[in-house]
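I am opening my notebook for a slow walk through one model. Have the sequence and the 3D view ready, and look along with me.

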There are 2 protein chains.
Amino acid sequence: MTNKINMHNLTKSEEDYLKALFQLLIEDESIKVGNNQLAEYLAVSPASANNMVKKLKAKSYVISEKYGKLELTDEGKAVAVRLIRKHRLWETFLCKYLNFTWDEVHEVAEQLEHIKSSKLIDELDRFMDFPERDPHGEVIPNAKGEYSIQPKITLSSLPQGSICKLMAVNDGSVTFLKYVSEIGLALSSEIEIIEIREFDKSIRIRFNAIEETVSKKFADNVFVKLIE
Amino acid sequence: MTNKINMHNLTKSEEDYLKALFQLLIEDESIKVGNNQLAEYLAVSPASANNMVKKLKAKSYVISEKYGKLELTDEGKAVAVRLIRKHRLWETFLCKYLNFTWDEVHEVAEQLEHIKSSKLIDELDRFMDFPERDPHGEVIPNAKGEYSIQPKITLSSLPQGSICKLMAVNDGSVTFLKYVSEIGLALSSEIEIIEIREFDKSIRIRFNAIEETVSKKFADNVFVKLIE
DNA sequence: CTAAAAAGTTAGCTTTGACTAACAAAATAA
DNA sequence: TTATTTTGTTAGTCAAAGCTAACTTTTTAG
């Protein structure tokens with residue numbers, strides 16, 4: 001019998017906070033995530049975040065000391081991973097079956113991830129034949145909450161002459177996603193780094209016989225696997 | 001340009017009330033629907049219903065006079081029909097693609113019907129090739145909110161000797177739906193009324209070479225089309 | 001090492017949508 | 001027609017989740 005002290009009757013807000021905290025924590029393991037970061041990430045006031053963190057602490061999803069850094073309990077992490085699983089499965093469904101584009105899926109998936117039914121999500125998973133990655137290239141956790149973590153290599157971190165494959169993109173911004181598809185990049189595109197301009201770190205790349213120059217900021221949001 | 005005074009930014013609760021009122025109103029056109037009925041239907045206190053009705057009146061979705069009966073404006077009806085469309089499309093999806101049974105769909109569809117995205121629902125409709133009826137046999141309104149109203153003939157209203165076809169069932173209760181499928185009845189089943197027992201109006205029926213006796217209450221919840 | 005800035009906390013208010021209790025109007029029955 | 005029951009309304013509370021303003025602690029910079 002698994003430890004079911006927390007009967008996951010969480011509100012939408014509680015879920016949002018747990019997921020946000022999880023994302024902030026994995027973004028950079030070593031750095032302190034505090035109340036203010038969490039507030040900023042969710043676009044709420046520090047007071048609101050403080051309030052909610054208190055509640056989640058009381059419910060044993062979050063660990064923290066006064067004025068200290070925030071952490072998630074195993075149960076907190078499990079909730080977040082379940083949400084991420086749902087989010088990514090829905091995104092996959094929207095793209096593959098309902099003609100949604102890269103940049104349209106996020107907003108709707110934000111809503112769908114809060115639907116409470118494990119049967120629903122597990123059947124959706126089965127219906128799509130257990131996809132491993134979502135349309136942005138992110139790994140989808142399985143029904144047990146297991147998932148492989150890919151070390152994130154950004155396009156901007158590679159030296160001139162590298163050849164790499166587009167594995168994922170940061171799906172934080174609609175304008176970015178639109179840009180990516182407009183220039184013709186897609187998941188699995190092979191990218192060669194022709195030149196890195198010293199002045200502003202902008203990068204000349206070639207893919208599918210197209211040459212383009214992209215900014216450092218752009219390259220920071222593109223995750224790749226090194227081929228050679 | 002269609003009249004877009006009401007920017008449909010309704011809360012889940014507001015939507016629930018509008019849908020509930022719509023359902024109560026079409027159930028029996030002639031009878032007065034008041035605040036208390038609405039409250040009872042939604043399992044909330046009369047005070048809560050009163051409160052919400054006031055708000056929906058202010059937003060021009062509902063018409064009523066103090067101590068008078070409740071009505072929906074065209075916009076109110078449109079919201080309700082959109083919800084019903086979403087609900088029935090999701091139910092259809094759950095049954096046809098995600099292995100949900102008759103009695104499992106309702107609860108999840110209650111949640112899914114509140115997802116805000118017209119693209120989502122219209123694409124889902126297209127994906128399923130524009131189904132006309134949901135798994136309970138109810139007509140699904142189209143994207144414009146049009147739908148045909150079938151006069152509801154209950155199994156209990158037919159005389160002995162009638163032969164009819166099961167068109168829909170009242171999906172209000174899980175136990176009822178389970179019962180229906182357990183005895184082997186399904187949509188489109190042909191049913192012959194062998195005998196109506198005077199004492200308690202229970203009905204002996206035959207379908208798919210099965211004979212069963214069902215109660216008046218049961219027959220009240222089964223909607224049919226007369227064949228002969 | 002102190003002073004200013006940043007981060008975290010608290011108190012108190014707002015809105016939404018529930019609730020109960022008390023009261024008013026309508027409908028029904030005697 | 002009057003009395004009772006049903007129905008509808010109002011007032012006042014509560015919890016969730018947000019906010020601002022004020023305050024405290026920690027961090028950082030001079």
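**Entry 1: a sheet in chain B**

Which residue in β8(B) stands opposite B:T154? I looked it up, and B:T154 stands opposite B:F223. Before going on, I note that this is a predicted model, where local features need pLDDT of at least 70, side-chain atom pairs count only at pLDDT 80 or more, and totals for chains, interfaces and linings use all residues. Residues are numbered from 1 along each chain as its sequence is written, while chains are lettered from A and ligands numbered from 1 in the order in which they are written.

I then followed β3(B), which pairs with strand β8 (residues 222-226) of chain B in the antiparallel sense over two bridges. For my own use: strands (E, at least two residues) and helices (H or I, at least four) are DSSP runs, numbered from the N terminus. Two strands pair if DSSP finds at least two bridges between them.

**Entry 2**

I turned to chain A and found six strands in an open sheet, ordered β3-β8-β4-β5-β6-β7 and paired antiparallel. Here β3 (153-154) and β7 (210-214) of chain A are the edge strands; each has a single partner strand, so one side of each lacks a neighbour in the sheet.

I checked the pairs one by one. β4(A) and strand β8 (residues 222-226) of chain A run antiparallel and are joined by five bridges. Across that pair, A:L166 stands opposite A:V224. Strand β4 (residues 163-169) of chain A also pairs with strand β5 (residues 190-196) of chain A, antiparallel, over three bridges. There, A:K165 has A:E190 as its bridge partner. Next, β5(A) pairs with strand β6 (residues 203-207) of chain A in the antiparallel sense over four bridges. In that pair, the bridge partner of A:I193 is A:I205.

The hairpin of β5(A) and β6(A) has six residues between the strands, and in it A:K201 takes a positive phi near 60°.

**Entry 2: domains of chain A**

I noted that chain A is divided into domain 1 (12-72) and domain 2 (153-226), with bounds from an automatic or database domain assignment. How far apart do the C-alpha centres of these two domains lie? For domain 1 and domain 2 of chain A, the answer is 32 Å.

**Entry 3: how the chains meet**

Next came the contacts (C-beta atoms, placed from the backbone, within 7 Å). I read that 13 residues of chain A are in contact with 13 residues of chain B. On the chain A side, α5 (105-112) and α6 (118-127) each supply at least two residues, and α6(A) gives the most, with four. That side divides into eight nonpolar, three polar and two charged residues. Also, 100% of the interface residues of chain A are interface residues in chain B too, so the copies meet through the same surface.

**Entry 4: the DNA strands**

I counted a residue as near a strand if its C-beta atom, placed from the backbone, lies within 6 Å of it. DNA strand C has 19 residues around it, and A:G34, A:N36, A:A47, B:T11 and B:A47 come nearest. The largest share of this surface, five residues, comes from α3(B).

DNA strand D is surrounded by 18 residues, the closest being A:T11, A:A47, A:S48, B:G34 and B:N36. Here α3(A) gives the most, with four residues.

Conventions: Contact = placed C-beta atoms within 7 Å. Nonpolar A, V, L, I, M, F, W, Y, C, P; charged D, E, K, R; others polar.
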